[in-house]
Every structure is written in structure tokens, then in C-alpha cells.
Amino acid sequence: QVQLVESGGGSVQAGGSLRLSCAASGSGRSINAMGWYRQAPGKQREWVAIITSGGSKNYADSVKGRFTISRDNAKNTVSLQMNSLKPEDTAVYYCKAVVVRSAWNRDDYWGQGTQVTVSS
């Protein structure tokens, strides 16, 4: 079992910045990938960014150039630096961890989420 705890959410005006952090604990296995998702009220949860244990990164088009994901594999932590925030970024942000147990079996873990509110 992996426990994920997000932090760093809050309220900010458009154009401002926030840094989200996610700390993972409780797993005896290495985490293969960690990422961020977000969900606005009444909207689908959408993928935001991902980083693998090898350092490969990918971003959703909506946040490219503004958000930066980083990780510390030794600590099993991941951060999301969010710059030039827009009201459209308002959502609950969730941290996700993936632990691969075999080629056909993996476990996904989710944090409880942290609220990000961007005002115009």
C-alpha cells in the first residue's frame, strides 16, 4: 500500500504561482511513475503531468510551458510548479503513483487531493 499526501494548494490570482508537492510512503516497492491529475467541479478528471522513475516527463497541452513536474526518487516525492496560473486551472489536484508488479499487473494509488483556486 502506498499513501500519498498532497500539499501546497491554495488560492492565487491569475498570473500567480503555486507549487504542489506529493509525498509517498508505505510501499516497499519502488514507484515506477508519479503524476498529477486535476478535476474541476462537474468536470472529468484530467491528466496534467507525469514523470517516470527514469525522469521522463510529459504534460497535457493545456499546461505545457507553464507547469513543471519534478521528482526525488530517493524520497518518492513529486512536485508540480505551476506558473502563470489561469482561472481555468482551478480544480482539485490529485497525485497519482503507479507501482508495477508485473507486465500485466500494476497498482494505482491516489492522494486525497488539494484545492487550487485561481481568481481572475
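**Questions on a predicted chain of strands**

Modeller: In strand E10, the residue opposite Ser-102 is Asn-105. The model under discussion is a predicted one.

Colleague: What makes E9 and E10 a pair of strands?

Modeller: Two strands count as paired if at least two bridges are found between them. Strand E9, residues 91-102, and strand E10, residues 105-110, have six bridges and run in the antiparallel sense.

Colleague: How many helices and how many strands does the protein chain have?

Modeller: The protein chain has zero helices and eleven strands. Read from the N terminus, the order of elements is β-β-β-β-β-β-β-β-β-β-β.

Colleague: How do you know whether the radius of gyration of the protein chain agrees with that of a compact globule?

Modeller: The two values are set side by side. For 120 residues, a compact globule would have a radius of gyration near 14 Å, and the protein chain has 14 Å, so the two agree. The C-alpha trace spans about 45 × 25 × 25 Å along its principal axes. Of the 120 residues, 38% count as buried.

Colleague: What share of the contacts with a separation of 6 or more comes from residues 24 or more positions apart?

Modeller: Such residues account for 53% of those contacts in the protein chain. A contact here means heavy atoms within 4.5 Å.

Colleague: Why is strand E4 described as largely enclosed by the rest of the structure?

Modeller: A residue is buried when its relative accessible area is under 20%. Strand E4, residues 33-39, has seven residues, and six of them are buried, so E4 is largely enclosed by the rest of the structure.

Colleague: Which strands pair with E4?

Modeller: E4 pairs with strand E5, residues 46-52, in the antiparallel sense over six bridges. E4 is also joined to E9 by seven bridges, again antiparallel. Met-34 has a partner in each neighbour: Ile-51 is its bridge partner in E5, and Ala-97 stands opposite Met-34 in E9. The hairpin of E4 and E5 has six residues between the strands, and there Gly-42 takes a positive phi near 75°.

Colleague: Which face of strand E3 is covered, and which is uncovered?

Modeller: Strand E3, residues 18-25, has a covered face formed by Leu-18, Leu-20, Cys-22 and Ala-24. Its uncovered face consists of Arg-19, Ser-21, Ala-23 and Ser-25. E3 is joined to E1 by five antiparallel bridges, with Leu-4 opposite Ala-24. E3 also pairs with E8 in the antiparallel sense, over six bridges. In that pairing, Leu-20 has Leu-80 of E8 as its bridge partner.

Colleague: What makes Glu-88 exposed?

Modeller: Exposed means over 50%. Glu-88 has a relative accessible area of 58%, so it is exposed. Glu-88 is placed in the loop between E8 and E9. Glu-88 and Ser-102 are 14 residues apart in sequence, and their C-alpha atoms are 38 Å apart in space.

Colleague: Why is Asp-108 called partly exposed?

Modeller: Its relative accessibility is 33%, so Asp-108 counts as partly exposed. Asp-108 is placed in strand E10. Leaving aside residues up to four places away in sequence, Asp-108 touches Lys-96, Ala-97 and Val-98. Asp-108 and Gln-39 are 69 residues apart in sequence and 17 Å apart in space, C-alpha to C-alpha.

How values were computed. Residues are numbered from 1 along each chain as its sequence is written. This is a predicted model: local features need pLDDT of at least 70, side-chain atom pairs count only at pLDDT 80 or more; totals for chains, interfaces and linings use all residues. Side-chain values use heavy atoms; hydrogens and water are left out. Helices (H or I, at least four residues) and strands (E, at least two) are DSSP runs, numbered from the N terminus. The radius of gyration is taken over C-alpha atoms; the globule rule is 2.2 Å times the number of residues to the power 0.38. Buried means under 20% relative accessible area, exposed over 50%, partly exposed in between (1.4 Å probe, protein chains only).
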